Amino acid sequence: MVPEMKVLLVEDDPSMQTALQRTLTKRGMEVELCSDGRVALERWKAAPPDVVMLDLTLPGMDGLLVLEEARRSGLATPVLILTARGTVGDRIMGLNSGADDYLPKPFDLDELEARLRALHRRRAPAGHAPAAEPGIGGLHCDRQSGAIHFRDEILELAPRETALMQALLARPGHAVPKERLFELVFPGETEVQYEAIEVVVYRLRKRLAHTGVKLVTLRGLGYLLKAGA
């Protein structure tokens with residue numbers, strides 16, 4: 001039987017390697033194992049898989065460094081981070097470094113399979129950069145790195161400002177509800193006041209002042225980006 005997808009599992013725990021390879025192989029996937037960050041990066045470059053499952057704590061090269069180098073090299077393979085580092089800050093660092101999804105350990109195997117298949121369905125052809133994100137007024141989001149660009153310049157934004165821009169640029173010219181933006185900018189941070197999103201919006205407006213793009217509040221609907229006249 002031809003495997004439905006090829007998965008590169010970068011994980012240095014032998015028992016985890018064995019369990020995941022056995023389980024995912026039974027579910028129709030071909031799983032290549034690697035326990036060293038530097039070796040994994042070379043294998044990824046030589047033969048891009050359909051999806052990469054990446055632990056963060058690795059010998060040779062830390063998982064975040066592997067991910068950052070892969071994205072700089074133009075590797076657009078979807079990446080699912082698997083790690084015991086479960087804090088919000090770690091999740092944001094991983095996503096801002098170019099990860100597509102994040103699953104903290106321990107996890108449910110059915111959920112893991114569902115996330116892998118979702119990444120596979122929307123992936124670009126292995127090893128090739130996907131189409132550019134929609135943009136507005138010279139602003140766009142680099143799909144590989146998550147960085148926000150104004151024309152050829154990378155905007156220096158704080159992580160929460162970046163998360164807000166990524167959400168708005170996914171639907172340029174359309175309002176994104178305040179509730180949805182709060183979930184994306186402050187994921188899992190139940191102690192944060194709901195009004196905190198307004199502080200991020202205020203700071204981001206100042207960052208965008210030189211671009212001519214306006215961050216507009218639509219009362220009762222949310223926020224949107226609007227190109228200047």
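Modeller: A quick convention before we start: contact means heavy atoms within 4.5 Å. This is a predicted model, where local features need pLDDT of at least 70, side-chain atom pairs count only at pLDDT 80 or more, and totals for chains, interfaces and linings use all residues. Residues are numbered from 1 along each chain as its sequence is written, and side-chain values use heavy atoms, with hydrogens and water left out.

Colleague: Thanks! Leaving aside neighbours within four places in sequence, which residues is Glu113 in contact with?

Modeller: Glu113 sits in helix α5, residues 109-121; helices (H or I, at least four residues) and strands (E, at least two) are DSSP runs, numbered from the N terminus. Its relative accessible area is 17%, and buried means under 20%, exposed over 50% and partly exposed in between, with a 1.4 Å probe and protein chains only. Glu113 is therefore buried. Beyond its neighbours within four places in sequence, Glu113 is in contact with Arg27 and Met29.

Colleague: Is Asp55 buried or exposed?

Modeller: Asp55 lies in the loop between β3 and α3 (63-72). An unreviewed UniProt entry places "modified residue: 4-aspartylphosphate" there; such annotations may be inferred rather than shown by experiment, feature names are shortened, and positions are given in the numbering used here. Not counting residues up to four places away in sequence, Asp55 touches Val10, Glu11, Asp12, Gly63, Leu82, Thr83 and Lys105. With a relative accessible area of 5%, Asp55 is buried.

Colleague: Now the three-strand sheet: which residue in β7 does His140 stand opposite?

Modeller: That open sheet has the order β6-β7-β8 with antiparallel pairing, and its edge strands are β6 (139-141) and β8 (153-154). Three bridges join β6 to strand β7 (residues 148-150).

Note on methods: Two strands pair if DSSP finds at least two bridges between them.
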